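Please look slowly through the structure shown here, and keep the sequence beside it as you read. The paragraphs that follow go from the surface to some particular places in the backbone, and then to the ligands.

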Amino acid sequence: MPRVVVKPEVCIGCHLCEVWCVVAHSRSKNILKAFLYETPRPVPRVVVEENLPFTLPVHCRHCSEPSCVEACISGALYRDPLTGRVEHDAGRCVGCYSCVMACPYGAVVMDEVNRKIARCDLCKEMGEPTCVKQCPNRALVYQDSFTS
Amino acid sequence: MERFDYLIIGNSVGAVGCIETLRSFDKGSSIAVIGEEPHHVYSRALLPYYLDNEVPVEKMLYRPVDFYERLGVTPVLGRRAVGLDTAGHVVKLDDGRTISYGKLLLATGGRPIVPPIPGLDTEKENISNFVALQDLQRISRLLPLARRAVVLGGGIIGLMAAEALHKKGLEVSVVELAPRVLAPVVDEFTSRLIEEAFRRSAVAIYTGTTFKEVQGGERATGVVLTDGTSLPCDLLVVAVGVVPRVDLAREAGLAVNRGILVNQQMETSAAGVYACGDCAEVYDFLMGNRRVLPLWPNAYAGGRVAAYNMLGMKREYDRATSMNAMHFFDLNIITAGLNTAGEKDGFEVISRFDASSRSYRRFVLKDDRIHGFTLVTGIARAGIFLHLMRRGCPVTSFKEKLLEGEFGYLTIPEGLRRELLIDEGVMSEHAVANQ
Ligand SMILES: Cc1cc2nc3c(=O)[nH]c(=O)nc-3n(C[C@H](O)[C@H](O)[C@H](O)COP(=O)(O)OP(=O)(O)OC[C@H]3O[C@@H](n4cnc5c(N)ncnc54)[C@H](O)[C@@H]3O)c2cc1C
Ligand code: SF4
Ligand code: SF4
């Protein structure tokens, strides 16, 4: 199951992954239009933690036994057995935030304006995730799970 | 007689947790689920969200309409299991039919409590519980003509029902026997924040009292409280909790306490018979003993562990404990573990309240570990705390940081962080080795 893996030692904390994530999930897919005219603006689905000099981007892991799916009261979150991806059907989401409680990585982002949540969907309609493409220091890689 | 390799009684989240896990490993065996309610699997936890004049049943379905078909499950709906013979591996239905099974899961949930109070009878047209689709449909029919509602019970479900009714324009009163709302679920400080949120929205909350009697004949017209207060109403919702449905198990001779007793493999005292969810008593890893945990994630996870063991793949349910995500008006709240425990119970408690944002955090600590926590307002990334608690991670060295809004993995000391992030490959192998 490919997902976004981080090399924190080369992350420079520029937060561009957050910016491009917003663009990728905007209606226009245009950076200026997305930031200037789209309201509500989509929330970034990656969290870049900062404890300077360290920074750490965190994306949904698409877990094999996802705690978020276990906790989701609406069925909005589910794991697609064919692709292994954990999907979120925003139309069914009621904003109970049970998944925020459950996700061990803090990878569920609260979208309080719409009272929904958002998580990394791997930009599945665009091939490679946009953040991976745009990271100026190649701190993000799109790769299959590894075992330690 | 029909026979299924796997038979499940109860068609809700516990059943789904079991079915989805069975099918990830075993595509060939036969599975059937018996459900007393005539509906496709839906979520009762969505009731407060769809309290409206027209109930969109499709939106309340927990899994898509082709769920049974796609997973090769035979649904036996609108039928109640009335007998269980564990020696003969046979379940008897209310229409006289019998079904035999290889392995059985009891996921029969809970039954709503109706306290013995004169005049309190859910057979009356405007008195309803709030646990099933049928209750929601009934309340929805009454809504257009209802002006005043009284909710008995100031727990999560009662308060959610009260807020939903308030938002439909009703004048709502909540009556709670304990001296504060949500008494067993949150600490006193959080209770006060919640009560304040309700009062600000003009929902009346009566604590430390209950109904002396319900007035009216076929229709309830009002209630009189034990302190003499009289509250007229045209809708009465009873939400004082559920008790595990154990009748079938008890009659079959299974070991039952408050709930059906299971071991950590979710197996009951009868071999090949498992139980999960609201009907069962599971091992709480923080309490160190068994208790009923009537919570959504517990039913799903219990069903999953049961499935593994039904498949002969040994698995233990060792991460169960209390946890709640709830919201009332503008307050978002997440609690987990022994979040209400205090110093008198031998725990260390650290907390912080910020009056301007009304955000509150409370951590219950012992032996270098988190035993429980409460987050009000600043709930983002709460799962990290649950993760630390479930893994039993040492937190003393950074405990003050737990109270800070921006808590994240970078706040956790490097060695522990690496350990926590390796499982699902957050960091590259190289980074893990080099950090
Ligand atoms: C209004 C409401 C809101 C809630 N919100 C939350 C929330 O936000 N978070 C949370 O964690 N929990 C919540 N809960 C609790 C949660 O819904 C339950 O913990 C969960 O539904 C338990 O699932 P279960 O599979 O054990 O059983 P249930 O959902 O209770 O289902 C059991 C099913 O079995 C059927 N059944 C029983 N006996 C038989 C029989 N003999 N034959 C055939 N069928 C039978 C019943 O009819 C029922 O359909 C809420 C509950 C309610 C009522
Ligand atoms: S949201 Fe969290 S729990 Fe769910 S799949 Fe992603 S990382 Fe796993
Ligand atoms: S917030 Fe939405 S996705 Fe998350 S648990 Fe609730 S309904 Fe499911």
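Leu36(A) counts as exposed because its relative accessibility is 58%, where exposed means over 50% relative accessible area, buried means under 20%, and partly exposed lies in between, with a 1.4 Å probe and protein chains only. This residue is placed in helix α2 of chain A, residues 31-36; helices (H or I, at least four residues) and strands (E, at least two) are DSSP runs, numbered from the N terminus. Together with Ile31(A), Leu32(A) and Tyr37(A), Leu36(A) makes a nonpolar surface patch of about 470 Å². Such patches are made of residues with over 30% relative accessible area and no salt bridge, and nonpolar side chains (Val, Leu, Ile, Met, Phe, Trp, Tyr) are joined within 5 Å, like charges within 9 Å. A salt bridge here is a side-chain nitrogen of Lys or Arg within 4 Å of a carboxyl oxygen of Asp or Glu, and accessible areas come from the Shrake-Rupley method with a 1.4 Å probe, only the protein chains shown counting as cover for residues.

All of this is read from a predicted model, in which local features need pLDDT of at least 70 and side-chain atom pairs count only at pLDDT 80 or more, while totals for chains, interfaces and linings use all residues. Residues are numbered from 1 along each chain as its sequence is written, chains are lettered from A and ligands numbered from 1 in the order in which they are written, and side-chain values use heavy atoms, with hydrogens and water left out.

Turning to the backbone, a cis peptide bond with omega of about -10° joins Thr39(A) to Pro40(A), and Pro40(A) belongs to the loop between α2 and β2 (47-51). Another cis bond, with omega near 10°, runs from Leu52(A) to Pro53(A), the latter lying in the loop between β2 and β3 (54-58).

Which phi value does Cys123(A) have, although it is a residue other than glycine? Its phi is positive, near 45°, and with 8% relative accessibility Cys123(A) counts as buried. In chain B, Asp368(B) also has a positive phi, of about 70°, but this residue is partly exposed, at 35%, in the loop between β24 (359-366) and β25 (369-376).

Finally, consider the ligands. The residues surrounding ligand 3 include Cys72(A), His88(A), Tyr97(A) and Ile117(A), where near means that a heavy atom lies within 4 Å.
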